[in-house]
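Visitor: Please take one part of this model and go through it closely. I would like a connected account, residue by residue where that helps.

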Amino acid sequence: MGEIYYILDASAFIGGFDIQNSLNFTISEISEEVKDLKSKLIFDEAINNGKLFIKEPSSEGIKSLESIISNSGDILRLSMPDKKLIALAIEFFNEKKNVEVITDDYSIQNVLKILKIPYKSILTEGIKGIYNWKKTCEGCKKEYPDSYSWDDCEICGSKIFKKRIKKD
Ligand SMILES: [Zn+2]
């Protein structure tokens with residue numbers, strides 16, 4: 001398999017997906033969904049640096065998507081931008097490209113699962129190689145090793161959550 005063709009949903013920009021190589025794609029509507037200043041900056045910079053490309057899927061792609069998932073309840077929850085994003089993924093997938101969709105949208109993820117197209121969620125799982133997790137007490141902020149198997153802090157009894165930390 002060659003390089004990965006990333007297809008980025010708005011959540012990829014909002015969640016801070018690290019745009020590294022030059023094979024990142026999105027659809028035009030996403031630029032309107034990326035509203036906050038920081039995400040917008042990441043988006044515009046990636047476009048200007050030639051790392052991110054806006055590509056429109058063919059209307060046949062959208063039609064074939066609609067026929068494939070017409071039996072799934074997800075079709076009702078998908079917006080037109082969602083459908084275009086998935087249709088683009090189908091096009092790349094059919095061209096035997098090594099594609100991966102970056103999205104936090106569960107409806108999109110469900111459809112990708114049906115289509116057997118790889119995807120990653122940026123906020124819930126983190127992106128491999130970019131983020132690490134650290135078990136941390138929400139009360140006293142004590143950090144625990146992964147092997148610590150209790151849900152409560154041994155010092156203060158507060159809940160332990162997984163904190164996302166960016167690798168440097
Ligand atoms: Zn604690």
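Guide: Start at a pair in the sheet: Ile102 has Lys120 as its bridge partner in S5. The model is a predicted one. A second pair sits alongside in the account: Val101 is bridged to Tyr119 of S5. Strand S4 covers residues 98-102, and two bridges join S4 to S5, with the two strands running parallel.

Now the other neighbour of S4. S1 and S4 are joined by five bridges and also run parallel. One of the pairs is Ile4 with Asn98 of S4.

Five strands make up an open sheet with parallel pairing, and the order is S3-S2-S1-S4-S5. Its edges are strand S3 (52-54) and strand S5 (119-120), each of which pairs on one side only.

How covered is S4? Five of its five residues are buried, and S4 is mostly covered. In a regular strand, side chains alternate between the two faces of the sheet. In S4, Asn98, Glu100 and Ile102 point one way, while Val99 and Val101 point the other way. Both sets are buried.

Next, the helices on the sheet. Helix H3 (residues 37-48) lies across strand S2 (24-26) and S3. Its direction is at about 90° to S3. Helix H6 (residues 80-94) packs on the sheet too, touching strand S1 (4-8), S2 and S4. The direction of H6 makes about 170° with that of S1.

Stay with H6. The helix has 15 residues, and from first C-alpha to last it reaches 21 Å. That is close to the 21 Å expected at 1.5 Å a residue. Twelve of the 15 residues are buried, so H6 is largely enclosed by the rest of the structure.

What does Lys84 touch? Leaving out residues up to four places away in sequence, Lys84 touches Ile27, Ser28, Glu29, Glu56, Pro57 and Ile62. Just after the helix, Lys96 takes a positive phi of about 65°.

Finally, follow the chain to the metal site. The zinc ion is coordinated by the SG atoms of Cys137, Cys140, Cys153 and Cys156, at 2.3 Å. The donor residues are spaced C-x2-C-x12-C-x2-C in sequence. Angles among the four donor atoms run from 96 to 118°, and the site is tetrahedral. For reference, the ideal angle for four tetrahedral donors is 109.5 degrees.

Cys153 is buried, with a relative accessible area of 5%. Cys156 is partly exposed, at 39%.

Gly139 brings in the surrounding loop. This glycine lies between strand S6 (131-137) and strand S7 (143-144). Its relative accessible area is 41%, which makes Gly139 partly exposed. Beyond its neighbours within four places in sequence, Gly139 is in contact with Cys156 and Ser158. Gly139 and Lys159 are 20 residues apart in sequence, yet their C-alpha atoms are 7.3 Å apart in space.

Methods:
Residues numbered from 1 in each chain as written. Predicted model: local features only at pLDDT ≥ 70, side-chain atom pairs only at ≥ 80, totals over all residues. Heavy atoms only, no water. Donors = N, O, S within 2.8 Å, 3.2 Å for Na, K, Ca; no water. Tetrahedral: all angles 85-135°; square planar, octahedral: opposite > 155°, others 65-115°. Buried < 20%, exposed > 50% of the residue type's maximum accessible area, 1.4 Å probe, protein only. Pairing = 2+ DSSP bridges. Helix = DSSP H or I, 4+ residues; strand = E, 2+ residues; numbered from the N terminus. Contact = heavy atoms within 4.5 Å. Axes fitted to C-alpha atoms, helices over the stretch in contact; angles between N-to-C directions. Expected span 1.5 Å × (residues − 1).
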